[in-house]
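Dear colleague,

Here is the structure for you to look over. My notes follow below it.

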Amino acid sequence: MRLRLGLSLSLLLVAMPLAAQHAYISSQAANKITVLDIDTQKITATVEVTTGPVGVSLDNKRHELFVTHPEQGVVTMIDTRDNKKLAEINTGGQPFAIAVDPSEKHQVFVSDWHRNAVVVINPETKLVVDLLSVGKNPAGLALDNATRRIFVANRNSDTLTVLDADTPRQYAEVKTGKAPYAVAVSPDSKHIFVTAIQDNTITVIDGESYEVVKTLKAGTAPYGVAVTPDNQWLFVANQGTNDVWVFDTETLEMVTKIKVGEMPETVAFSDDSQYAYVTNWFSNTLSVIDIKQQQVVQHLPMPDGPRSLGRFIGD
């Protein structure tokens, strides 16, 4: 009887489908969040939000999406199970990039362009609980849960600030290229990548020593940067040349250039590292790239001004 029950449970587990992944696209000009099923490439929902949504971050564990509105000084909180707005959290300042802490601490980190700080939000109380000082005009932000470090690109200081996610401690401030914008951490935590839009570079930083190990040449005005989940490829979206450059993460050599839409902003990947998705701010599209073929297979229309600064794909 026990063996039969165990076999039945095994069969049930095998038969259970995996949760569908979705892309959450913030359209700054249209004031909308578009929810896209990435398996079917179909839009499943559209959520009306307040003016100027830009940054997004997902909490897959708690089924929550957080969206920044720099023009309004608020962060919208959405339940991803029914795509209903839960709250508008008043942060003040200019909340820009955002990252949810996936640990049990249940906190959200937001770069504040105006106040030169990282805002810490408690999503349960929906209140700002701390302000962490960083460089001038912080833009992109990334959280590495494995090392419990927050990385913040300071646009007008030409630096990357490294913070502790559990205490107010600052670990390092690293010199980058001119006008750093976006930040990505490799899945193995060994490298941090920072785009710099005014000197067209990518600063590669060691994940332990926080020393610069290499500076890569990018296209014109590199904005979005991301590493595939399998840690094989680094993707960089160049707004001035309307393309994505792909680098081998082991050799740090550029292997191909892929034309996308106009003014590409942000790159994110499917969990299986088969597809990359690129928001094209000015052409109002989402480019779908087959990573193995290293070519665009589809351009999906989006509401005006798609940006989605952050990791915009999740369950």
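Asp-271 is exposed, because its relative accessibility is 54% (buried means under 20% relative accessible area, exposed over 50%, partly exposed in between; 1.4 Å probe, protein chains only). Asp-271 sits in the loop between strand S24 (264-269) and strand S25 (275-280). Strands are DSSP runs of E, at least two residues, numbered from the N terminus.

The model is predicted: local features need pLDDT of at least 70, side-chain atom pairs count only at pLDDT 80 or more, and totals for chains, interfaces and linings use all residues. Residues are numbered from 1 along each chain as its sequence is written, and side-chain values use heavy atoms, with hydrogens and water left out.

**Two buried residues**

Phe-312 lies in the loop between strand S27 (295-301) and strand S28 (313-314). Phe-312 counts as buried because its relative accessibility is 0%. Beyond its neighbours within four places in sequence, its contacts (heavy atoms within 4.5 Å) include His-22, Val-56 and Tyr-277. Tyr-277 is 35 residues from Phe-312 in sequence, and 9.3 Å away C-alpha to C-alpha.

Leu-163 belongs to strand S14 (residues 159-164). Leu-163 is buried, at a relative accessible area of 2%.

Best wishes

Key: Helices (H or I, at least four residues) and strands (E, at least two) are DSSP runs, numbered from the N terminus.
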